[in-house]
Amino acid sequence: MSRIKEREEKSMKILVTGANGMLAKAVKEKFKLDQLICTDVEELDITNLEQVEKFVEDCKPNVIINCAAYTAVDKAEEDFELASKINSKGPENLAIAANKVGSTLVHISTDYVFGGKLSTEEIYQEDDEKAPETVYGITKLQGEEAIEANTKDYYIFRTAWLYGEGNNFVRTMIKLGKEKEQITVVSDQHGSPTYTVDLADIIYQALQLKIPFGIYHATNIGFTTWYDFTKEIFKKANISCKVVPVTSEEFVRPAKRPKNSMMAKGKILEAGINVPSWEDALERYLKEELK
Ligand SMILES: NC(=O)c1ccc[n+]([C@@H]2O[C@H](COP(=O)([O-])OP(=O)(O)OC[C@H]3O[C@@H](n4cnc5c(N)ncnc54)[C@H](OP(=O)(O)O)[C@@H]3O)[C@@H](O)[C@H]2O)c1
């Protein structure tokens, strides 16, 4: 079989929603050899069921990767209606449409569904009790439940502390670190920084390996705090700014941040997916960022 024929047979028709978002950029790059249909909100508003059904019926994708979301965690506290429409109704619409034409739905969720009250001696398993404390977390949980209620062929990847092309925590810290002699960073919130390139690769591997449908935790391997993460960024980027630890109580935000965002990765690793450590991911990201 010729290489071109082989590639054609392996290639999938993939619909990407929210195509201008941070994760979507990495998804588009990772799946560039597939038949990509990339849509922003103007082309496909996921909150509009009629539009979603017609679009999906017309293009009949093998896979829908939903990168659309309401991600402004603080703003969401004042905007339940819109956050719910995008994070809950949107995934529901996509699940209904995907189920009708037999597409696999890939959706991204968050550690915020747990609420973060678990002792930091422990880590969250996929089916642990959900207790979201923010509008963002509540609406993202509703999105998960809506998918589970409307289709069987789905992957929900819960991720956390995402950074990648565009504005993100790492870029902000580098900018501040270059401008200031010292900065304060929260040291009592624990989680796994996750590079969008690695999350896109996890999605890719899951589809290639056809791992069982369901919910998976999908972050880079290893845990840290925002404080230690910042110290590592400065070390790797040769920035001499001093990092001073502060507590969450000293750095109050409109939406309460989870103290424990640590999610177990056993399920995804056992499914055969290769996931790099957060330190390795940061190294690769900085190579691009500091070019
Ligand atoms: N960022 C994180 O730290 C983080 C952590 C955990 C989980 N996640 C999850 O990871 C996923 C990707 O996050 P991200 O950071 O890449 O998000 P993002 O950069 O905020 O991108 C979301 C995209 O969705 C689009 N969108 C909003 N409403 C829409 C609608 N009704 N129809 C279609 N598109 C719409 C937005 O367009 P406009 O910009 O034009 O509104 C934006 O381009 C999300 O599900 C998020 O909840 C993110």
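This is a predicted model: local features need pLDDT of at least 70, side-chain atom pairs count only at pLDDT 80 or more; totals for chains, interfaces and linings use all residues.

Visitor: Fine. How many residues surround the ligand, and which are the closest?
Guide: The ligand is surrounded by 23 residues. The closest are Gly18, Gly21, Leu23, Ala68 and Ala69.

Visitor: Which elements give two or more residues to that shell?
Guide: Helix H2 (22-30), helix H5 (80-101) and strand E4 (104-110).

Visitor: Switching topic. At what angle do the axes of H9 and H11 cross?
Guide: At roughly 45°, with the axes coming within 11 Å. H9 spans residues 226-236 and H11 spans residues 278-289. The two helices are therefore oblique to each other.

Visitor: Left-handed or right-handed crossing?
Guide: Right-handed, as H9 passes H11.

Visitor: Which residues meet there?
Guide: From H9, Glu232, Ile233 and Lys236. From H11, Glu279, Leu282, Glu283 and Leu286. By class, the contact has 3 nonpolar residues, no polar ones and 4 charged.

Visitor: Now Thr47. Where is Thr47 found?
Guide: In the loop between strand E2 (35-38) and helix H3 (49-59).

Visitor: Why does Thr47 count as partly exposed?
Guide: Because Thr47 has 19 C-beta neighbours inside 10 Å, and buried needs 20 or more.

Visitor: What does Thr47 touch, beyond residues up to four places away in sequence?
Guide: Lys85, Ile86, Lys89 and Gly90. As for Ser88, 41 residues from Thr47 along the chain, the two C-alpha atoms are separated by 8.7 Å.

Methods:
Residues are numbered from 1 along each chain as its sequence is written. A residue is near a molecule or strand if its C-beta atom, placed from the backbone, lies within 6 Å of it. Helices (H or I, at least four residues) and strands (E, at least two) are DSSP runs, numbered from the N terminus. Axes are lines fitted to C-alpha atoms, for helices over the stretch in contact, and angles run from 0 to 180 degrees between N-to-C directions. Angles under 35 degrees count as roughly parallel, over 145 as roughly antiparallel, 65 to 115 as roughly perpendicular and the rest as oblique. A crossing is left-handed if the near helix is turned anticlockwise from the far one by less than a right angle, and right-handed if clockwise. Two residues are in contact if their C-beta atoms, placed from the backbone, lie within 7 Å. Ala, Val, Leu, Ile, Met, Phe, Trp, Tyr, Cys and Pro count as nonpolar, Asp, Glu, Lys and Arg as charged, and the others, Gly among them, as polar. A residue is buried if 20 or more other C-beta atoms lie within 10 Å of its own, exposed if 12 or fewer, and partly exposed in between; C-beta atoms are placed from the backbone.
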